[in-house]
Amino acid sequence: MELRSQSLTRYILPLREGGSLPGLAEADDGFRYVVKFRGAGHGTKALVAELVGGLVAKSLGFKVPEVVFLDIDSRFGITEPDEEIQDLLRASEGLNLGLHYLDRAMTMDPSVNRVDPLTASKIVWLDAFLTNVDRTRLNTNMLIWNNELWLIDHGASLYFHHSWRNPAEAALDPFPYIRNHALLSQATRLEEADKLMRQAITPRTLSKIVDLIPDSWLTAADDPQTPAEKRMVYKEFLTSRLANSSIFVKQANNERERLA
């Protein structure tokens, strides 16, 4: 399991306002990417979550834009007139993360674009597993492209790593935030989804995904933990969460019943 690495050559435009301020940019392979910058918002932790979340989703059979490492050098975006964006690009020199841009994709609206109960249940399972708080009706982070459903933006996953307090306990979190999930009301086959998802991914696959996290995203001047030690925490978190999926499946079912 490995990711392509490309260098960014042209900044095109910011995609939305907010703390993360992702941008649309072109790389030296001629393709356009949605770029998640290491110098924005939650920094490299958001990139870790995006990488892990996107690759877990892909491993589980969901359609996810290709995840690519993108390098920014000191010359990139030098002609950008917006000072805020210039500051962002300077703070993001080095290795960043990109998602292949799905041109002309439409935002998925759960009230218009119906999803079958098993697919909805699988997506709810995925987000409860990853502790992804950002797939709500206000911001579904799902697209319709070529008449197919695609999942995007997993940067709000793994929220335990923002505090890094007691990861073993966090792995057993029932995840009550699932109550806000855009597809929860349609997720009527969660037990079946749980069985299928647990068959589709293994601790070995999770370990390989975590091994892809670059050292530079796991290094902080004031942090005594090494990148290898941090990777082990992520591996143990995900493995424990997979082994104890009944905890968050029960919570999701309870929250769905409250909606009825």
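**Helix α3 and its surroundings**

Modeller: At the start of α3, the backbone nitrogen of Leu 118 has a side-chain oxygen of Asp 116 within 3.2 Å.

Biologist: Before we go on, what sort of model is this, and how are residues numbered?
Modeller: This is a predicted model, in which local features need pLDDT of at least 70 and side-chain atom pairs count only at pLDDT 80 or more, while totals for chains, interfaces and linings use all residues. Residues are numbered from 1 along each chain as its sequence is written, and side-chain values use heavy atoms, with hydrogens and water left out.

Biologist: OK, and what span should α3 have?
Modeller: Helix α3 covers residues 117-130, and at 1.5 Å a residue its 14 residues should span 20 Å, which agrees with the 20 Å between its end C-alpha atoms. The expected span is 1.5 Å times one less than the number of residues, and the helices (H or I, at least four residues) and strands (E, at least two) are DSSP runs numbered from the N terminus.

Biologist: How many of its residues are buried?
Modeller: In α3, 11 of the 14 residues are buried, where buried means under 20% relative accessible area, exposed over 50%, and partly exposed in between (1.4 Å probe, protein chains only). Among them are Ile 123, Trp 125, Asp 127 and Phe 129.

Biologist: And what follows the helix?
Modeller: Thr 131 follows α3, and its phi is positive, near 50 degrees.

Biologist: Which residues touch the most other members of the largest nonpolar core?
Modeller: Those are Leu 51, Val 52, Val 56, Phe 62, Phe 129 and Ile 213, in a core of 57 residues; such a core is a set of buried Ala, Val, Leu, Ile, Met, Phe, Trp, Tyr and Cys residues joined through side-chain atoms within 4.5 Å. The elements giving two or more residues to this core include α1 (44-59), β5 (94-100), α3 and α7 (227-243). Apart from it lies another core, of 16 residues, including Ala 27 and Leu 70.

Biologist: What is Phe 62 in contact with?
Modeller: Leaving aside neighbours within four places in sequence, Phe 62 is in contact with Ala 57, Lys 122, Ile 123, Leu 126, Leu 151 and Met 197, contact meaning heavy atoms within 4.5 Å.

Biologist: Changing topic, where is Gln 225, and what does its side chain pair with?
Modeller: Gln 225 is found in the loop between α6 and α7, and its side chain is joined to that of Trp 164 by a polar contact of 2.7 Å. A polar contact is a pair of N or O atoms within 3.5 Å; within protein, one must be able to donate a hydrogen and the other to accept it, and residues adjacent in sequence count only if both atoms are side-chain atoms.

Biologist: Last one: what does α7 look like?
Modeller: The 17 residues of α7 should span 24 Å at 1.5 Å a residue, in agreement with the 24 Å between its end C-alpha atoms. Its buried residues include Pro 227, Arg 231, Tyr 234 and Phe 237, and what covers the buried residues of α7 includes α1, α3 and α8.
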